[in-house]
Amino acid sequence: MPVATLLPFTATPNRKSASPTSFRLTEKFILLLVFSAFITLCFGAIFFLPDSSKLLSGVFFHSSAVETNTHTGPDSSDAGSAGNDDRLLAKIKKDHEKALLEAKDTLQKLPDVIQNDILADKAKVTKESMGKGGKDGNNLPFIEYHRPPGATGLEPQDPETRERRAKIKEMMKHAWDSYKRYAWGSNELRPVSKHGHSSNLFGSIKGATIVDALDTLYIMEMFEEFDAATDWVEKSLDFNVNAEVSVFEVNIRFVGGLLSAYYLSGKEVFRRKAVELGEKLLPAFKTPTGIPWALLNLKSGIGRNWPWASGGSSILAEYGTLHLEFMHLSRLSGNPEFAQKVMNIRKVLNRLEKPQGLYPNYLNPNSGQWGQHHVSVGGLGDSFYEYLLKAWLMSDKTDEEGKKMYYDALQAIETNLMRKSTNGLTYIAEWKGGLLEHKMGHLTCFAGGMIALGADGAPGDKTGHQMEQAAEIARTCHESYARTTLKLGPEAFRFDGGVEAIATRQNEKYFILRPEVIETYMYMWRFTHDPKYREWGWEAVQALEQHCRVEGGYSGVRDVYALSPNYDDVQQSFYLAETLKYLYLLFSEDDHLPFEHWVFNTEAHPLPVIRKDKTDRPNEVE
Ligand code: DMJ
């Protein structure tokens, strides 16, 4: 029978003009009755038939449960199926209660504990899914992650300090939000013209500000922003570029930033990216001596040195500032090559004769000979000394070679470069072939913090002496700020021609949001708790707010002696990585990133101490 004939309102050849109104009343009544009986039947089937869901699943999915039921069918009485239902109900109720209890448990845990649980579970799954070699899909060995102590810190006790710290977090938010709004994905922000800025230091690698800021966001507990940055790293950070980069800058900002982000958060993506980038930097070491090139094309692996560097030399502060990151890369990748490369640099340096015990800034990577005899604890030399000391500290004080090199170098610096001005300001001059230039760079001001950090381990009872030196350098650098109109420090200041701690050359009067002076205040505060260091830091905050803050972020200024700021229109990535981080830590409690567990790379990225013996300190990096 065609289906159409069963339907009452379907037109047929005999009833061409038939319409619903043409039914008689009795016909209508019967139709209504049939229809309502049909509807009742359907509802009955849904609500009143026993176990209809099983029936349906049996029909559509042939579930084994239905098959079992079917087999037991003839013997199963009503009482039996009621018993089954009771048991089923009881089980559902029990499961439900268990889930509720678990959820309650989870809600009572601190976010940090929950995150650790998730990471531990993830690590377990990763480990289980690994092959015999214990390597993951990226050929990285399995590492059980334990967050080192002090990744985040408690609120400061004192209300004024708490308020000041909150202010610095607000500054970070302004810098970050502005970058996100106007320059997301670019290396840096132009805060006045409100667009992206790309320095050629990073070739065509993008996102320097994102990677440099990751750990600051984490430390300040700006987790929403941290997650957005992580997402960008996951999806967009790309090192497959056919471009020349500065090996040093990429190492301290990108490798350092990624390593810190990994150690703070435990997210594997950062370890993977750090190792991937580290591997791309390895061809820079293909020189006759193993002293790396300053510049490297990441695609071709071809390196060269800065054309302005004396006799084609590599730069001390560049090849000497790879050690911390490369030691961690070996640890995280299982590849000893990274550590071997940086240990070889030491070997080359230790074979060379050093003029007055000093390390010249230039070294030719082909001949292994010094270039011009220029020595500086500021630009071109600075972080080499820093990394000798920190290599020793980061090795849990086992790297005796690094220790000796640092304290010997510091002695040579004290003898040959450190001087006192007529009015009693201690400064570190620059050395050019035996002659002193009585100038100190803003960059050199980091030395106050470095000397304080190393004072405790100083040989021959020199701890007190080195702490005094560090305090004097901090005072001199503070003077370099205090003696300007804008209360921000010049790029370099001089102690000659009747001036002290003042820039005399126009091209040395700029301030580009650098961190070194604040970095020294932070170390001095931690070691002495002298309130003046917090006061000096707060002076800097006020000056930054007054003269560098603009609607679109923070800008450097061209002349700190001018009556009002002339902006350079760059928000440097190190402003977020270093300046704001050191300010925040200056107003934090000491157990936030404690020095016994962390060392800061030269871009202020904290790296954990590598413990010689895991057993007595189980919660740290092995
Ligand atoms: C940073 O990139 C690092 O601190 C580096 O060691 C020197 N200069 C800048 C900040 O001034």
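Tyr523, Phe527, Tyr582, Phe595 and Phe600 make up one aromatic cluster in this predicted model, where rings of Phe, Tyr and Trp (its six-membered ring) pair if their centres lie within 6.5 Å, and planes under 30 degrees apart count as stacked, over 60 as edge-to-face and the rest as tilted. Phenylalanine 595 of this cluster also has the charged end of arginine 526 over its ring, 4.7 Å from the ring centre. A charge sits over a ring if NZ of Lys or CZ of Arg is within 6 Å of the ring centre and within 35 degrees of the ring normal; the charged end of lysine 273 sits in this way over the ring of phenylalanine 239, 5.9 Å from its centre.

The model is predicted, and local features need pLDDT of at least 70, side-chain atom pairs count only at pLDDT 80 or more, while totals for chains, interfaces and linings use all residues. Residues are numbered from 1 along each chain as its sequence is written, and side-chain values use heavy atoms, with hydrogens and water left out.

| Pair | Geometry | Centre to centre | Angle between planes |
|---|---|---|---|
| Tryptophan 176 and tryptophan 184 | edge-to-face | 5.7 Å | 85 degrees |
| Tyrosine 554 and tyrosine 575 | tilted | 5.0 Å | 45 degrees |

The tyrosine pair links distant parts of the chain, since tyrosine 554 lies in strand S16 (residues 553–554) and tyrosine 575 in helix H20 (residues 573–586), 21 residues apart; helices (H or I, at least four residues) and strands (E, at least two) are DSSP runs, numbered from the N terminus. Buried means under 20% relative accessible area, exposed over 50%, and partly exposed in between (1.4 Å probe, protein chains only). Tyrosine 554 is buried at 0% relative accessibility, and tyrosine 575 is buried at 0% as well. Tryptophan 176 is likewise buried at 0%, whereas tryptophan 184 is partly exposed, with a relative accessible area of 33%.

Threonine 602 lies in the loop between strand S17 (598–600) and strand S18 (606–608), and is buried because its relative accessible area is 15%. The side chain of threonine 602 makes a polar contact with the side chain of glutamate 386 at 2.9 Å, a polar contact being a pair of N or O atoms within 3.5 Å, where within protein one must be able to donate a hydrogen and the other to accept it, and residues adjacent in sequence count only if both atoms are side-chain atoms.
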